[in-house]
Amino acid sequence: MGVYLNPGNDAFRQIRNGVYVDKTGLIDYINGTIGTPFNLTCVSRPRRFGKSYAAMMLSAYYDKSCDSGELFTDLGIAGAESYERHLNQYDVIYLDITWFISRAGNHVERVVSEIQMAVIDELRSKFPDCISESEIFLPDALLKISQKTKEKFFVIIDEWDALFREVKDDEMLQSSYVQFLRGLFKGGPAMKSVIAGAYMTGILPIKKYGTQSALTDFKEYSMVDPLVLSEYVGFTEQEVQSLCDNYHVDFDRMKQWYDGYSFADTDSVYSPNSVMEAVNFGKFKSYWTSSETYESLKDYINRNFDGLKDAVIRMLGGQREHVDTGTFQNDITSFHSRDDILTLLVHLGYLAFDEQKKEVYIPNLEVSDAFRLAVKGTDWKEVNQALSRSEALLNATIRGDSETIAEALELAHETCASTLTYNDENSLSCAILLAYYTAQNYYEIIRELPAGKGFADYAFIPRKNTQKPAMIIELKYDRTADSAIRQIRERRYAGRLKDYAGELLLVGINYDKKSKGRKMKRHTCMIEYI
């Protein structure tokens, strides 16, 4: 066993020794690509979404220097027709690009040559009669070995895009790296017979030059379009439910904190690392902010692109934003619009993407907390005021302080909307959720809840172990707060919460659209208890 050539299965064995979710169906899919024109796979995922775990799993499965049968015999892949045919059948080359960058230290310009020489040294030890001492180009070394031995290689590159992220301004190094990858995977018919398959992971999809990918032979699966691999992006609802049952963890809280990503073939996808942390430590919190600074998110949302700030505010208020993902160049330097930033945030996991509607949104409480911290570090004074007052507003609502509620909504409404859109009904809805931002810690908030003879604008249903009253909020325009309360009663919205045992607050809010001038924009509120 080597470091880069056939590293063995110890890494995957350690993974199996912990809490484990069976994702070996991915192996069967990759097996199906071997021997086809689609044998080069690039999977891009955010940090903490299990990229390295998948790479280590594939390495243990394909590596011919070890016997990995015992690690897979009780997993789903063992029942697949392709299982025995490819198990431990290839020489594996495993490259972690972040390791090579760290190893290079102050001489990062040497990374590409260091990668090649490190692998060639190990190849020379295993195949001493195949490679000359002067060989420095890895594709040529592999080609010479294959011509003499008929061996095929499976190449795994973890964090393939690290150079583009960590050495983002060195275009010469990036070009050298791309040329190396092209030599490895686009070397004509001879090289096609050398590479049995390849699996690359990264945070970003393969960089574009103009409209073309730098490595056109790779089939890409990303957060924008995961295609048939959507169930391997993170944990599915069934997988998380099983974990919660086995380890006695509150599933509803798990869903609130870490769910929210969805794709055409998989409705509910959870952030895997955070789920595992919650299972192991029994605590629900934002594991993102403890493992990665919010500074990068703050930098991105603070870019001076027209409409970006407004889009972030609306998403904090529970709304979705339309986005065009096509212009993004798959790097962290070539930003030309608000849509480029929003697309990057999808790839980084800070936003979820609805492919059918072409909309982005904040997926869950964990990510929402990251946005809150990021916004706190900006000069968005009004937004920070609205967020900081949120807890006080919730308490004021519970104690029936209607004046405080009206004042807080004035601030949140002005924050959510420009003068031109102030009277738009979506702006007031955004203001409600922004003003009650911290309420999501205690409530399941449902907009337009079917209830009685219509739809309640908002229902705040207390989560388990929360000692707070339920609330129904009804919005009116150019009417009165009292008329909103009457509608809740007359249409029997409260009946929808008949199974809830506890105090219920009816909250009526009216906004006078006809008022002219900033000083006259009036919100009124009325509260009743049941």
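**Helix 12 and the five-stranded sheet**

The buried residues of helix 12 pack against strand 8 (235–236), helix 13 (251–258), strand 9 (269–270) and helix 14 (272–281), with contact taken as heavy atoms within 4.5 Å. This comes from a predicted model, where local features need pLDDT of at least 70 and side-chain atom pairs count only at pLDDT 80 or more, while totals for chains, interfaces and linings use all residues. Residues are numbered from 1 along each chain as its sequence is written, and side-chain values use heavy atoms, with hydrogens and water left out. Helices (H or I, at least four residues) and strands (E, at least two) are DSSP runs, numbered from the N terminus.

Helix 12 spans residues 237–247, and its buried residues are Glu239, Val240, Leu243 and Cys244. They sit on the same side of helix 12, because they cover an arc of only 135° around the axis, judged by the directions from the helix axis to the C-beta atoms. Gln238 and Asn246 are exposed on the face turned away from that buried side. Buried here means under 20% relative accessible area and exposed over 50%, with partly exposed in between (1.4 Å probe, protein chains only). Just after the helix, His248 takes a positive phi of about 55°.

Then there is the open sheet, five strands in the order 13-14-15-16-17 with mixed pairing; two strands pair if DSSP finds at least two bridges between them. Strand 13 (443–451) and strand 17 (523–529) each have a single partner strand and stand at the edges, so one side of each lacks a neighbour in the sheet. Strand 15 (residues 470–477) and strand 16 (residues 504–511) run parallel, joined by eight bridges, and Ala470 stands opposite Leu504 in strand 16.
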